[in-house]
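I set aside some time today to browse a new structure and jot down what I looked up. Here are my notes, in the order I made them.

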Amino acid sequence: MKNNDAEQMLLNNASLDDLIKMKIEKEFMADLEKAKQKPQKKVYTDIKDLPKEKIFSKDAVFKYFNRNTKCESFINGIQAEALIGLQNSVRTQMLKGELSAFTTDDAYIKFDKAEF
């Protein structure tokens with residue numbers, strides 16, 4: 001509410017209750033507009049910037065290149081972690097941000113992005 005509107009209403013003998021109602025209604029409408037806006041998702045393309053707990057989560061996307069069929073697809077971080085298997089050194093390096101890709105017997109897996 002602008003000061004000029006409040007002054008004009010006071011000059012027109014508006015009650016204090018009316019002024020309070022106008023202010024509350026204006027704040028409510030502003031909050032309603034803010035609630036309608038979707039929150040902005042942040043996109044991480046570098047594994048170094050990504051929080052450690054999100055690397056092997058459903059929010060992370062990895063490119064999966066199958067060496068046998070020569071096909072490329074996408075998997076999430078949970079699936080990528082399962083493919084690492086017993087390669088604990090690879091998992092540790094990825095959590096530190098030192099490594100963004102790894103290989104298995106029949107696939108090449110590389111971090112693509114994370115969005116949340």
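This is a predicted model: local features need pLDDT of at least 70, side-chain atom pairs count only at pLDDT 80 or more; totals for chains, interfaces and linings use all residues.

Entry 1: Leu16, Ile20 and Ile24 together make a nonpolar surface patch of about 300 Å². I then looked up Ile24, and found it in helix H2, which spans residues 16-36. Ile24 counts as exposed because its relative accessibility is 52%, and the cut-off for that class is over 50%.

**Entry 2: the overall layout.** Next I stepped back to the whole chain. I noted 5 helices and 5 strands, and reading along the sequence gave me the pattern α-α-β-α-β-β-α-α-β-β. The protein has 116 residues, and 24% of them count as buried.

**Entry 3: the core.** Which residues touch the most other members of the largest nonpolar core? I found Phe62, Met94, Ile109 and Phe111, in a core of 18 residues. Two or more core residues come from each of E2, helix H4 (77-84), helix H5 (88-96) and strand E5 (107-115). E5 gives the largest share, 4 residues. As background, I reminded myself that nonpolar side chains in soluble globular proteins tend to be buried together.

**Entry 4: salt bridges.** I counted 4 salt bridges in the structure. Opposite charges can pair when the charged atoms of their side chains come close.

I looked at Arg91 and Glu81, whose side chains meet in a salt bridge at 2.4 Å, N to O. This pair links distant parts of the chain, with Arg91 in helix H5 and Glu81 in helix H4, 10 residues apart. Arg91 is partly exposed, since its relative accessible area is 30%, and Glu81 is partly exposed at 27%.

I then turned to Lys113 and Glu115, a salt bridge with the closest N and O atoms 3.9 Å apart. Lys113 has 31% relative accessibility and counts as partly exposed; Glu115 is partly exposed too, with 32%.

**Entry 5: around Asp59.** Where does Asp59 sit? I located Asp59 in the loop between helix H3 (52-55) and strand E2 (60-66). Asp59 forms a salt bridge with Lys54, and 3.0 Å separates the closest N and O atoms. Lys54 counts as partly exposed, with 23% relative accessibility. Beyond the neighbours within four places in sequence, Asp59 is in contact with Lys54, Lys113, Ala114, Glu115 and Phe116. I was pleased to meet Lys113 and Glu115 again here, the two partners of the salt bridge in my previous entry.

**Entry 6: around Arg67.** My last stop was Arg67, in the loop between E2 and strand E3 (71-76). Is Arg67 buried, exposed or partly exposed? Arg67 is partly exposed because its relative accessibility is 33%, and the range for that class lies between 20% and 50%. Arg67 and Ala107 are 40 residues apart in sequence, yet 5.3 Å apart in space, C-alpha to C-alpha. Leaving out neighbours within four places in sequence, I listed the contacts of Arg67 as Thr103, Thr104, Asp105, Asp106, Ala107 and Tyr108.

Terms used
Residues are numbered from 1 along each chain as its sequence is written. Side-chain values use heavy atoms; hydrogens and water are left out. Contact means heavy atoms within 4.5 Å. Buried means under 20% relative accessible area, exposed over 50%, partly exposed in between (1.4 Å probe, protein chains only). Patches are made of residues with over 30% relative accessible area and no salt bridge: like charges are joined within 9 Å, nonpolar side chains (Val, Leu, Ile, Met, Phe, Trp, Tyr) within 5 Å. Accessible areas come from the Shrake-Rupley method with a 1.4 Å probe; for residues, only the protein chains shown count as cover. A nonpolar core is a set of buried Ala, Val, Leu, Ile, Met, Phe, Trp, Tyr and Cys residues joined through side-chain atoms within 4.5 Å.
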